[in-house]
Amino acid sequence: MTGPVLDIKDFSVVYRTPGGDVRAVTGVDLQMNAGEVVGLVGESGSGKSTLAYGACRLLRAPALITGGGVTYRGRRTAGPMDILRLGPAELQRLRWREIAIVFQSAMNALNPVLNVRDQILDVIHAHLRISRDEARDKVGSLLDLVGIPRARLRGYPHELSGGMRQRVMIAMALATDPEIVIMDEPTTALDVVVQRDILAQIVELKERLGFSILFITHDLSLLLELADRIAVMYAGQLLEVGTAHQLQHTPAHPYTRGLLNSFPSLRGARRDLVGIPGSPPDLHDLPPGCPFLPRCGYGTPACTDIDMSLAPVAPASAPGHVTACPFVRPDTPAPPGRPDRPAEASPEPATSPELTS
Amino acid sequence: MPFIVRRLIFYLVAAWVALTINFFIPRAMPGNAVESIMAKFPNLQPSAYKALQAMLGVGHPGSLWDQYGAYLGNVLHFNFGVDVTNYPANVSTLLAQTIPWTITLVGTATVIAFLAGTVLGIVAGWRHGGWLDRVLPGLMFFQAVPYFFLALILLELLAVRGHVLPLGQGYAGGLVPGWHWDFIVSAVYHSLLPAFTIVIASVAGWMLQMRNVMITTIGEDYMLAAQAKGLPGRRVMFSYAARNALLPQLQGFGLAVGFVVSGAIVMEIVFSYPGIGLLLLNAVTSNDFPLMQAIFLVITFAVLLANLIVDMIIVAIDPRARAREGAR
Amino acid sequence: MTVALPISTDPAVVPEEHQPRRGLWRRLPTRAKAGAIMLGAFILAAIIGPLLTPYDPSFQNPAPGLSLHPPDAAHLLGTTQSGQDVFSQLLLGIRLTLELALSVGVVATVLSVVVGVAAAYLGGVWDEVLSLATNVFLVIPALPLLIILLGYLPQKGQTATVLVLAGLGWPWGARLIRAQTMAIRGRDFVAASRETGERTWRILAFEIVPNEVSLIAASFVNTVLYAIGASVALAFIGLADLTSWSLGTMLYWAQSQQALQIGAWWWFVPPGLAVALMGTSLVLLNSGIDELGNPRLRDAGGASAAAWHKLRPTDPTPVLGAAPARRRWRGGRQAGGELP
């Protein structure tokens with residue numbers, strides 16, 4: 001089937017509270033292709049999790065999807081499926097079988113009173129019609145796949161270490177051979193050494209099984225190594241989308257450039273970290289125009305009139321690289337006091353070189 | 001140290017505190033109520049007199065520690081002294097006659113109410129926002145109504161006016177207690193209305209509590225994960241939500257069972273049911289201190305035992321409790 | 001009367017910041033507003049009622065026709081065995097019972113805040129001792145202990161009863177407040193205050209306690225509920241000042257004079273109903289305070305309205321303008337993974 005695996009168009013979500021609507025996600029366009037790793041990066045509260053969960057209709061009240069469309073095209077589906085129009089039963093069949101999620105904190109995402117084997121069996125029996133013996137074998141082979149000793153099958157979540165729990169979550173996510181795996185900050189709660197192992201494992205599994213990944217994180221340096229394409233999100237809106245290479249070497253949006261400036265490099269001359277001053281806006285009442293304006297070093301009064309649609313940066317040389325800022329280009333010089341990240345001190349791999357495919 | 005051993009030690013400490021309070025209250029309270037009682041019975045047998053003294057704590061030769069020791073010894077031998085109003089009957093005898101009635105009635109009714117309330121609460125919590133929420137104010141009324149008042153109302157409607165159920169007592173007047181069929185049928189018939197009252201009065205409380213716990217549990221991350229996994233609704237409701245919610249609900253039972261039992265015992269008075277309730281009323285009316293103290297100890301120990309049983313159930317169903325070392 | 005545990009015992013449910021007092025009434029759910037209004041009515045009755053009693057409640061009218069007289073124009077709620085006016089007794093009873101219960105609420109809540117905060121903040125051996133005491137008094141059933149405490153008191157006056165009831169009513173709130181204080185204590189803004197050298201009592205008074213207001217309010221309401229239930233039950237078995245006219249005493253006299261058997265329902269129904277309704281108003285209020293402190297307990301509200309059907313927590317996120325989906329109770333297994 002042609003077309004992106006997941007096609008999110010003009011997607012908007014609000015939280016309808018007694019105090020008014022909170023515009024958590026506004027007008028987001030995002031596509032994912034088969035076998036691709038798409039990174040979604042932004043600060044806390046930028047709406048990245050809301051976008052991902054909202055696309056699966058997993059948000060709880062008072063969330064409300066106010067516009068747009070989410071279309072799914074998987075290898076097993078007969079035709080494109082409009083997720084926003086599905087009934088509860090069809091949604092239940094779609095979930096996990098096609099789109100699985102690895103949650104941020106596996107301790108909280110695992111049922112405390114069921115053992116590991118029963119929880120994986122639950123997922124298998126819910127979506128696959130296979131015999132009990134086959135299911136048991138499958139559970140064993142899944143644990144082998146992620147590198148957990150089979151002796152842990154009878155264990156309970158609280159008996160496992162953080163890294164092991166995360167691996168269990170990954171094993172569960174892959175149990176039904178999904179098309180898309182959404183990873184919501186899967187390694188944020190882990191220490192760096194374990195983080196590296198898990199990420200290496202994820203990449204290897206992706207190569208082997210061929211699923212796409214939507215990797216949500218606040219750590220841009222991680223995505224520069226891991227992702228094929230990266231979408232930068234702020235205050236519920238996309239600011240820039242492009243390949244990892246494009247964002248690393250020719251970042252267009254001021255926010256992206258600020259993010260690149262916020263983590264140090266291992267090599268090169270020492271310099272002051274600049275970062276981005278200020279804090280994200282209150283989503284209760286967003287000002288018109290660009291939400292980043294108060295913190296932007298390039299801002300002008302004209303910024304309050306733009307419509308935040310994504311436009312190509314350099315259509316000929318960099319296809320697919322889009323930005324929401326009509327005024328700033330990769331070659332626009334940095335404002336005084338906020339120098340760009342030096343080009344030669346490119347960001348060091350956050351993890352070992354084995355990660356890149 | 002295993003969880004259950006820690007809890008057992010705790011309950012022993014609580015029992016000891018109850019015993020010690022029981023011992024010191026007569027000495028600590030103002031007034032000479034105790035001495036006036038003793039003065040009523042100058043002709044007591046020496047052993048009975050000593051028992052009474054130990055219970056009430058007066059006149060015993062020897063220091064406070066000796067008295068305390070004697071008191072503890074008596075209690076452990078179920079020797080609660082002589083009953084003042086029904087002299088020369090032993091307090092223990094009186095208790096032995098009434099406790100089975102109370103345990104059967106209150107125990108059965110409470111367990112039924114807890115189970116029914118918990119199941120209803122599971123459904124109400126799962127369908128949070130649905131029509132079941134509309135009956136909440138009605139449930140709250142039943143949670144707030146005193147048991148004995150509900151008993152009065154039900155008696156008025158069903159027994160006085162309706163003539164459906166008996167007006168009270170434990171069994172029909174002419175029968176002799178014993179293990180024969182007529183008596184058992186009559187006893188069950190007479191226990192219907194009291195049991196019904198206890199169930200109606202307490203079911204609302206359990207239901208509201210379970211509903212709240214379910215709603216909080218449904219907000220947990222693993223519930224969202226279960227939804228994301230596309231698991232069938234019934235499996236999620238029982239094995240993911242209810243099973244986790246059951247733990248705080250059981251802990252709540254342990255805390256509330258003291259109130260439920262107390263309320264039920266007072267309610268017995270309205271029905272003239274031959275349980276501890278009537279005994280208690282008579283004891284209070286006639287200032288029968290040994291009996292009052294004995295009743296306090298009996299009820300307290302029963303509640304502590306119930307709590308221990310609940311703890312054992314929790315250990316059986318919660319894998320984390322077995323590993324936990326600290327207090328819950 | 002069962003005392004439920006409406007507050008989630010999860011100490012991690014801590015409000016992010018001190019909720020503003022403005023708009024408090026507006027934010028209360030309907031149930032809580034109904035409860036508050038009912039309670040207000042009773043408080044009003046308590047304050048002005050006894051001034052409006054048509055008769056002296058204790059006045060025993062010896063006229064034979066007036067004993068156990070059913071309600072009529074002269075006696076709105078009928079008369080007792082000795083010709084006393086039930087309505088007057090009721091008004092006085094509401095005042096006495098409320099006075100008692102509110103006093104117990106205040107004393108016990110203060111005690112529970114002190115113990116709970118002290119245990120959480122001081123930690124160490126203090127925490128161990130206070131927690132043990134709290135748990136012991138929580139598990140020992142209150143009513144039997146109250147019975148012997150009051151039983152030995154020669155005069156069962158108002159003050160003594162308040163003290164005794166409060167003395168057994170603090171552990172419930174203390175435990176919850178301790179849990180919440182421990183959760184707050186570890187938060188950043190408290191550590192920041194300590195770093196800047198703020199004195200302990202100031203930290204407690206201005207940073208910790210204000211964040212626990214909803215918990216303290218719920219604890220107060222629950223304690224008043226307990227006090228009403230306990231005092232009425234105690235009076236019913238005769239452990240109160242039987243010359244005063246509290247609602248429980250009325251019920252005692254009604255029972256001892258066999259009002260039920262005689263058919264004088266007007267004697268025991270009004271006081272019992274008053275107790276039940278006062279209790280109901282408190283439970284309603286409490287559920288509202290609960291919802292303020294624990295947002296999960298609120299229903300879907302605005303999103304439900306936009307989606308045109310009552311949302312259950314496990315329903316998929318609604319889409320604005322989409323037709324409401326029919327809800328199926330069972331989920332199904334899918335053979336082979338085929339999707340339509």
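Modeller: In this predicted model, helix α3 (residues 86-122) of chain C packs against helix α13 (residues 265-293) of chain C at an angle of about 20°, and their axes are 10 Å apart.

Biologist: Why are α3(C) and α13(C) called roughly parallel to each other?

Modeller: Angles under 35 degrees count as roughly parallel. The angle here is about 20°, and α3(C) and α13(C) are therefore roughly parallel to each other. Their crossing is right-handed.

Biologist: Which residues make the contact of α3(C) and α13(C)?

Modeller: From α3(C) come Val86(C), Leu90(C), Gly93(C) and Ile94(C), and from α13(C) come Trp266(C), Trp267(C), Pro270(C), Pro271(C) and Ala274(C). By class, eight are nonpolar, one is polar and none is charged.

Biologist: How many helices and strands does chain C have?

Modeller: Chain C has 14 helices and zero strands. Of its 340 residues, 49% count as buried; the term requires 20 or more other C-beta atoms within 10 Å of the residue's own.

Biologist: How many residues do chain B and chain C each give to the contact between them?

Modeller: Chain B gives 70 residues and chain C gives 59 residues. On the side of chain B, the largest share, 14 residues, comes from α10(B). By class, that side has 46 nonpolar, 21 polar and three charged residues.

Conventions: Residues numbered from 1 in each chain as written. Chains lettered and ligands numbered in written order. Predicted model: local features only at pLDDT ≥ 70, side-chain atom pairs only at ≥ 80, totals over all residues. Helix = DSSP H or I, 4+ residues; strand = E, 2+ residues; numbered from the N terminus. Buried ≥ 20, exposed ≤ 12 C-beta atoms within 10 Å, placed from the backbone. Contact = placed C-beta atoms within 7 Å. Nonpolar A, V, L, I, M, F, W, Y, C, P; charged D, E, K, R; others polar. Axes fitted to C-alpha atoms, helices over the stretch in contact; angles between N-to-C directions. Parallel < 35°, antiparallel > 145°, perpendicular 65-115°, else oblique. Left-handed = near helix turned anticlockwise from the far one by under 90°.
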